[in-house]
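Thanks for coming. Please have the sequence and the structure open.

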Amino acid sequence: MKNIALILTFLPCLAFSQTKTYVSTDPVYIRNVDAADQFYEDSLYREAIPFYLKAMQVTEAAFRTKFRLADAYLQTREFASANPWLLKCAQQNPKDCCVHVLDEASDLYKYRPFLDWWPLQTTCRKAMPKFDSQLKKQLAEIEHFDQFVRTEHRLPN
């Protein structure tokens with residue numbers, strides 16, 4: 001019985017450690033990303049920024065780390081600092097970044113008056129010329145209605 005309790009105690013840790021991957025094996029990079037991610041997930045964005053910056057000194061290859069750094073800057077209203085990182089994200093991985101830039105319903109879209117938006121939007125429009133935010137919104141509404149009907153209004157057997 002003790003063995004089962006012990007396994008159940010460590011199971012979440014094992015699952016987490018197996019799902020997190022790094023673009024670098026450099027211990028400085030890993031240590032800083034881990035520290036930054038912990039602050040970020042606790043909504044302590046200002047505290048996360050220096051750790052993300054130290055990780056970026058090792059390598060800028062990780063899209064997720066760059067995007068979180070940019071978002072941390074946005075959350076702390078440091079818009080001028082967020083701009084270059086968002087642009088790097090859009091250039092590195094347009095499909096993941098540009099959905100947030102072009103979708104009027106995204107959290108990022110609300111920051112457009114504070115950012116150097118045109119270069120970012122131009123990069124994204126070139127990368128995703130067929131993106132249609134209205135269609136995306138309609139599809140999300142259809143999906144929401146479909147799931148509501150399926151889960152809330154099941155017909156009796």
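Let me start with one side chain. Arg68 counts as buried, at 15% relative accessibility. The word buried stands for under 20% relative accessible area, exposed for over 50%, and partly exposed for anything in between, with a 1.4 Å probe and protein chains only.

Before going on, the ground rules. This is a predicted model, in which local features need pLDDT of at least 70 and side-chain atom pairs count only at pLDDT 80 or more, while totals for chains, interfaces and linings use all residues. Residues are numbered from 1 along each chain as its sequence is written, and side-chain values use heavy atoms, with hydrogens and water left out.

Now the overall fold. The protein has eight helices and zero strands, and from the N terminus on its elements run α-α-α-α-α-α-α-α. Helices (H or I, at least four residues) and strands (E, at least two) are DSSP runs, numbered from the N terminus. Of the 157 residues in the protein, 32% are buried.

Back to Arg68, and to its partner. Which residue meets the side chain of Arg68 in a salt bridge? The partner is Glu41, with 3.2 Å from N to O. This pair links distant parts of the chain, since Glu41 sits in helix H2 and Arg68 in helix H4, 27 residues apart. Glu41 is partly exposed, with a relative accessible area of 45%. By salt bridge I mean a side-chain nitrogen of Lys or Arg within 4 Å of a carboxyl oxygen of Asp or Glu. As background, side chains of opposite charge can pair when their charged atoms come close.

The structure holds eight salt bridges. Another is formed by the side chains of Arg46 and Glu78, at 2.9 Å from N to O. Here too distant parts of the chain are linked: Arg46 belongs to helix H3 and Glu78 to the loop between H4 and H5, 32 residues apart. Glu78 counts as partly exposed, at 26% relative accessibility.

Then there is Glu60 with Lys88, where the closest N and O atoms are 3.0 Å apart. Glu60 lies in the loop between H3 and H4 and Lys88 in helix H5, so this pair also links distant parts of the chain, 28 residues apart. Both ends are partly exposed: Glu60 has a relative accessible area of 34%, and Lys88 is at 32%. Salt bridges that share partners also join Lys20, Asp34, Asp37, Glu41, Arg64 and Arg68 into one network.

Next, the pocket. Rolling a probe the size of a water molecule over the atoms shows where empty space is left. On a 1 Å grid over the protein atoms alone, a pocket is an open set of points where a 1.4 Å probe fits, with protein on both sides within 12 Å along at least five of seven lines, and lining residues have an atom within 4 Å of a point. Grid points are joined across faces, edges and corners, and the volume is the space filled by probe spheres set on the points.

The largest pocket holds about 180 Å³ of space. Its lining consists of Tyr40, Phe67, Asp71, Leu74, Gln75, Leu86, His100, Asp107, Leu108 and Tyr111. Which element gives the largest share of that lining? Helix H4 (residues 63–75) does, with four residues. By class, the lining has six nonpolar, two polar and two charged residues. In that count Ala, Val, Leu, Ile, Met, Phe, Trp, Tyr, Cys and Pro are nonpolar, Asp, Glu, Lys and Arg are charged, and the others, Gly among them, are polar.

Tyr111 is buried, with a relative accessible area of 5%. From Tyr111 to Val101 is 10 residues in sequence and 9.5 Å in space, C-alpha to C-alpha.

Last, two backbone points. Ser43 is not a glycine, yet its phi is positive, near 60 degrees. Ser43 is placed in the loop between helix H2 (27–41) and helix H3 (45–58), and is partly exposed at 45% relative accessible area. Arg77 has a positive phi of about 65 degrees, although it is not a glycine either. Arg77 lies in the loop between H4 and helix H5 (79–92), and at 51% relative accessibility counts as exposed.

That is what I have; comments, please.
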